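Trainee: Could you take me through the metal site in this model closely? Please set it against the whole protein before going into detail.

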Amino acid sequence: MAFFWYNTQIMKWTKSLIQTLRENPGDAEIDSHKLLIRAGLARKVAGGLYSYLPLGMRVLRKIQQIVREEMDRAGALEIVSPILQPAELWRTTGRWDTMGPNMFKLRDRGEHEFALGPTAEEVFTDLAKGLVSSYRQLPVTIYQIQWKFRDETRPRFGLMRSKEFLMKDAYSFDADAEGADKSYWNMYHAYERIYGRCGLKAVAVQADGGDMGDSLTHEFHVLADAGEDGIAFCEGCGYAANLEKAERRCPAAGDKAEGSGFAEVHTPNAKTIEEVAAFMGLPADAFVKSLVYVADGTPVMVCVPGDRDVNDVKLKRFLGAKAVGLADFGTVLRVTGANAGFVGPVGPADASLRIVADASLRGATGRIVGANKDDFHLRDVDLARDTKIGEADFSDLVVVKAGDVCPKCGKPMVIKRGIEVGQVFKLGTKYSAAFNAVYKNDKLEEHVMIMGCYGVGVSRTLQAVIEQSHDANGIIWPASVAPYMVVIENLDPSNAEVTKVADGLEAELEAAGIDVLVDDREERPGVKFKDADLIGFPVRVVVGAKGLANGGVEVKRRADDKSKTVIAPVADAAAAVRAALG
Ligand SMILES: [Zn+2]
């Protein structure tokens, strides 16, 4: 006897708790946030905190399932670890103190300290230390899909920057560097499959390794104008890096002199490069922008061309500092002798002040710089002749911008916006060494395991799909993650014949593994169609008395316009829906 079990859940709109909204939420700045709320996928509980409503929950579950299947296919093992993490684990790596105010910290009634996990390197490393003893158990990758917490200063963009979010985090443990490399690329390719299956066009971009030095890491970004992150792309060779990391081939400095000779110029109240440039009638790149930073407590002057911005990440890396930030007014005045806006690399008040400069200023002559004296600039400055910036003080220190030359192939780059939906990261032994997470090799010698960590923002991916796939009428879900793949519009719910056709088609599609919502509301067709477009079911089937009399039901893809509507006889309706789903 054959036994079939279908994961069906016959669902009628009137029983679904779906509630669409006509008005955009007041705090929504981007389309996906507006649509998330208006389509009834989620509802705000407080700033940065959301309840996922039945429709949103279905999408979240589908994305989780794709992530889970691809992790399992890549050989990773699923576990779940506590959200509440003891401070001792974080103290082992020193991150209890360095994570800063983004981490939620609390105490239990016994005054023991805990964090609401923003990530779980410590927990997983400690776990692997306990579970792994021999090289025979390696490599191993462990993952979980768990809620994470971040005390965002300014939660915004709906699920994009929230205080609580669902994340898949995986951690790989290997015996050697070669194995760690394999684990990294194994996850990288799993991520390509995950985003592809979610219907997302995601690109992998090089990112900065942070405290991990030059460690290999890629971020996966969904390109969207509303994205918070800038990404430099080369269409010539495919180079892609986020703006923290992106490098450029340095142009020759050249001479910007207007032949006037080294001299002091009175520039009253002209503080910004734009103001001085306008005052002197010269282009911004004839100026050297000089900023005083403090790196791990020590002031340092940073010089870049007048039309460029300092890249703090590159600066931090170049200086080998743990933290860098702009100096306060008092420090600026003390070390240079002038207020911000009039500082420069020629003879600052503190002669011991270190001065570093962007590589594009190497050999620069004929530049205008602040005179370290309020209301004055110096013109026709030769950096080699007039400053103490030495060969070792030059480095690539600016934020790349459109038109900069690709470091790989020499073609001009473009800048696009992206939403980061995942990251793969080679950790090395930072965590395993701190926990002394070791294995024994075949000679019974102990070695520290080599780690990688890999995150997918599951709830963020949900909203990224909306951001990448919507139009003026609403969301256009890819079938793989749609709350329901098909909506059947029963235009005459009180008509027994129409209802029989609608419900019959629902049962047939559900039996074929296609999830369906039947809109059985006594509403005007216009209202029903508008809601269907807003929520964005991939395929809409219209069943009405008039249509049935005229030969069948209407099948239309959400992504297509009206002209592509197919009229299918009732007997062929399921086949037409399957064809429309592709
Ligand atoms: Zn290139």
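Mentor: Start with charge: the protein carries 72 positive and 81 negative side chains, and the centres of the two sets lie 2 Å apart. Lys and Arg count as positive, Asp and Glu as negative, while His and the chain ends are left out. Each charge is placed at NZ of Lys, CZ of Arg, CG of Asp or CD of Glu.

This is a predicted model, in which local features need pLDDT of at least 70 and side-chain atom pairs count only at pLDDT 80 or more, whereas totals for chains, interfaces and linings use all residues. Residues are numbered from 1 along each chain as its sequence is written, and side-chain values use heavy atoms, without hydrogens and water.

The protein has 582 residues, and 51% of them count as buried, that is, under 20% relative accessible area; exposed means over 50% and partly exposed lies in between (1.4 Å probe, protein chains only). Its C-alpha atoms fill a box of roughly 95 × 70 × 50 Å along the principal axes. There are 16 helices and 32 strands, taken as DSSP runs (helices H or I, at least four residues; strands E, at least two) and numbered from the N terminus. Of the contacts (heavy atoms within 4.5 Å) between residues at least 6 apart in sequence, 70% join residues at least 24 apart.

Now the metal site. The zinc ion takes its protein donors from the SG atoms of C234, C237, C406 and C409, which lie 2.3 Å from the ion. Donors are N, O and S atoms within 2.8 Å of the metal (3.2 Å for Na, K and Ca), and the site may look incomplete because water is not among the atoms. The angles among the 4 donor atoms run from 98 to 116°, and the site is tetrahedral, a label given to four donors if all angles lie between 85 and 135 degrees. For comparison, the ideal angle for four tetrahedral donors is 109.5 degrees.

Along the chain, the donors follow the spacing C-x2-C-x168-C-x2-C. The pair C237 and C409 links distant parts of the chain, 172 residues apart. C237 sits in the loop between β12 (229–233) and β13 (240–242), and C409 in the loop between β21 (394–395) and β22 (414–428). C237 is partly exposed, with a relative accessible area of 38%. C409 is also partly exposed, at 31%.

How values were computed: Tetrahedral: all angles 85-135°; square planar, octahedral: opposite > 155°, others 65-115°.
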